[in-house]
Amino acid sequence: MADAREQIEAGRTALGIEFGSTRIKACLVSSADPATVLAVGTFDWENSLDGKLWTYPIAEVWEGLQGAYADLAHNVETTHGVTLTTIGAIGISAMMHGYLAFDKNDELLVPFRTWRNTNTGVAAAELSELFGVNIPLRWSIAHLHQAIVDSEPHVPTIDFVTTLAGYVHWQLTGQKVLGVGDASGMFPIAASGDSYDAQLVAQYNELAGDRLPAASLTDLFPKVLGAGQAAGALTRDGARLHDPTGALQAGIPLCPAEGDAGTGMVATNSVEPRTGNVSAGTSIFAMAVLEHPLENQHHELDLVTTPAGDPVAMVHCNNGASELDAWVRLFIRFAEAAGSPVTPDAAFETLFREALGGAADAGGLLAYNHLAGEPVAGMEEGRPVFVRTTGSDFTLANTMRSHIYGVFGTLALGMRVLDSEGVKLDRMYAHGGLFRTAGVAQRFLAGALGTSVAVAETASEGGAWGIAVLAAYLDSGAGEPLSEYLAGSVFAGAPVTVADPVKDDVEGFASYLDHYHNGLAVVAAAVESV
């Protein structure tokens with residue numbers, strides 16, 4: 001306690017704040033030992049439909065940042081007896097991709113368009129063909145080009161386009177920069193890993209012509225920075241935005257802002273070739289750090305980078321654990337109505353443990369978690385569907401196993417494509433709240449992927465901890481490669497639980513996935529009729 005207090009008072013700390021899909025989380029760690037979490041803070045928020053586009057009101061970005069930080073500062077004072085006034089370094093992370101466009105007066109031109117939107121099909125298809133590289137619907141360049149194709153009125157006045165993390169970082173520091181991992185979800189990155197691909201930029205400039213409101217696309221996008229590079233410092237106005245009480249001092253350095261994919265790689269120590277990770281939340285995605293380029297273009301696979309700029313194949317699914325959460329909330333309400341209320345943690349623990357007793361193939365039950373469109377599965381719109389036949393074994397255990405399998409269903413379809421490219425992984429790491437109940441989702445994921453899955457004790461802290469580690473790397477890892485810093489200063493001796501594939505699970509999930517793939521026609525019919 002005393003040592004932690006001294007570190008906090010001296011500013012020998014690093015703070016990470018991540019804007020997730022349903023929660024904004026702040027995580028304070030020791031800069032000398034980033035595996036040590038000193039305090040956390042949270043703020044809940046939720047996306048909404050504005051017309052037909054998913055968004056978050058921009059005012060809620062700041063309400064959420066201030067709320068999460070205030071919660072953390074309160075916990076620091078309560079636990080350590082210190083008023084938080086300074087920090088060694090800060091990092092901002094957020095949902096990747098999306099579209100935030102500003103004019104020359106720094107005014108937001110249209111509501112923030114998140115990664116969840118699937119209205120960019122025309123643009124994504126045109127750019128994928130032009131570049132010979134898969135451009136997913138959610139990438140920033142797809143959003144920008146779709147706005148150009150649709151001749152949206154705001155396009156001629158665009159002066160700057162960035163991601164959510166890039167926007168927050170810009171407002172806090174005045175710097176229009178972005179970490180390479182997040183930037184790789186805006187536009188393809190050069191093989192050198194330190195800038196946008198110049199040849200593809202030139203191709204796009206020619207395609208857009210005078211429809212582009214700048215001489216070059218790079219004039220509109222943030223500058224690319226790698227992990228460990230200086231990315232500005234908290235300005236006086238930024239400090240007030242961060243902490244309206246005025247306690248937090250200006251001048252604190254910030255690391256390059258990153259996306260949740262990059263912070264997930266850091267949080268799971270999977271930034272070297274042959275390592276990979278799965279991040280499960282509102283969305284779910286898998287990252288595989290590549291040894292060599294892929295031979296073919298696949299719409300199921302994105303090519304992005306680690307925060308250090310190394311190439312990564314990404315399977316990104318728009319839908320993760322939200323539908324599973326909804327089913328658990330149903331049972332929580334039942335328990336309450338029956339006069340025996342349970343906490344959410346107890347409900348998840350009980351239902352996940354029950355799932356272990358289900359049939360390896362979930363008894364013929366199928367669960368589709370498609371609240372939003374799912375490009376990997378070929379779905380432009382989402383419809384959550386739970387399917388059973390008259391011959392299926394409809395039990396609570398099979399129901400819960402099916403819903404957990406359903407979280408991994410579309411991801412597993414994408415991973416089959418990755419496997420067809422001969423990509424080899426020594427181990428997959430997993431993180432996110434889905435893995436808090438030990439030995440359940442982790443075991444099922446190992447069965448779904450047919451490979452060992454490791455979960456560290458810090459896994460439930462997720463990307464907020466990952467970006468805090470990147471902030472600590474800026475403060476104390478100068479000159480050391482990120483992979484070496486993580487291995488030596490963060491994960492050395494860190495407790496890790498490994499689940500190896502169970503034969504019955506592998507065979508059962510393979511059967512489930514075959515039926516899941518065939519049953520997508522049911523989901524498509526639901527989209528057409530409901």
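This is a predicted model: local features need pLDDT of at least 70, side-chain atom pairs count only at pLDDT 80 or more; totals for chains, interfaces and linings use all residues.
The secondary structure of the protein consists of 17 helices and 20 strands. The radius of gyration is 22 Å, close to the 24 Å that the globule rule gives for 530 residues, so the protein is as compact as a globular protein of that length. Along the principal axes, the C-alpha atoms fill a box of roughly 65 × 60 × 45 Å. Of the contacts with a separation of 6 or more, 72% are accounted for by residues 24 or more positions apart, and buried residues make up 57% of the 530 residues.

The accessible surface comes to about 20200 Å², with 50% of this area belonging to carbon and sulfur atoms.

Across the whole structure, 22 aromatic pairs are found. In one of these, Trp327 and Phe386 are arranged edge-to-face, with a centre to centre distance of 5.2 Å and an angle of 65 degrees between the planes. Because Trp327 lies in helix H10 (residues 322-337) whereas Phe386 lies in strand S17 (residues 385-387), the pair ties together parts that are 59 residues apart in sequence. Phe386 is partly exposed, its relative accessible area being 25%. Aromatic residues also come together in a cluster, which is formed by Tyr368, Tyr405, Phe444, Phe509, Tyr512 and Tyr516.

Note on methods: Residues are numbered from 1 along each chain as its sequence is written. Side-chain values use heavy atoms; hydrogens and water are left out. Helices (H or I, at least four residues) and strands (E, at least two) are DSSP runs, numbered from the N terminus. The radius of gyration is taken over C-alpha atoms; the globule rule is 2.2 Å times the number of residues to the power 0.38. Buried means under 20% relative accessible area, exposed over 50%, partly exposed in between (1.4 Å probe, protein chains only). Contact means heavy atoms within 4.5 Å. Accessible areas come from the Shrake-Rupley method with a 1.4 Å probe; for residues, only the protein chains shown count as cover. Rings of Phe, Tyr and Trp (its six-membered ring) pair if their centres lie within 6.5 Å; planes under 30 degrees apart count as stacked, over 60 as edge-to-face and the rest as tilted.
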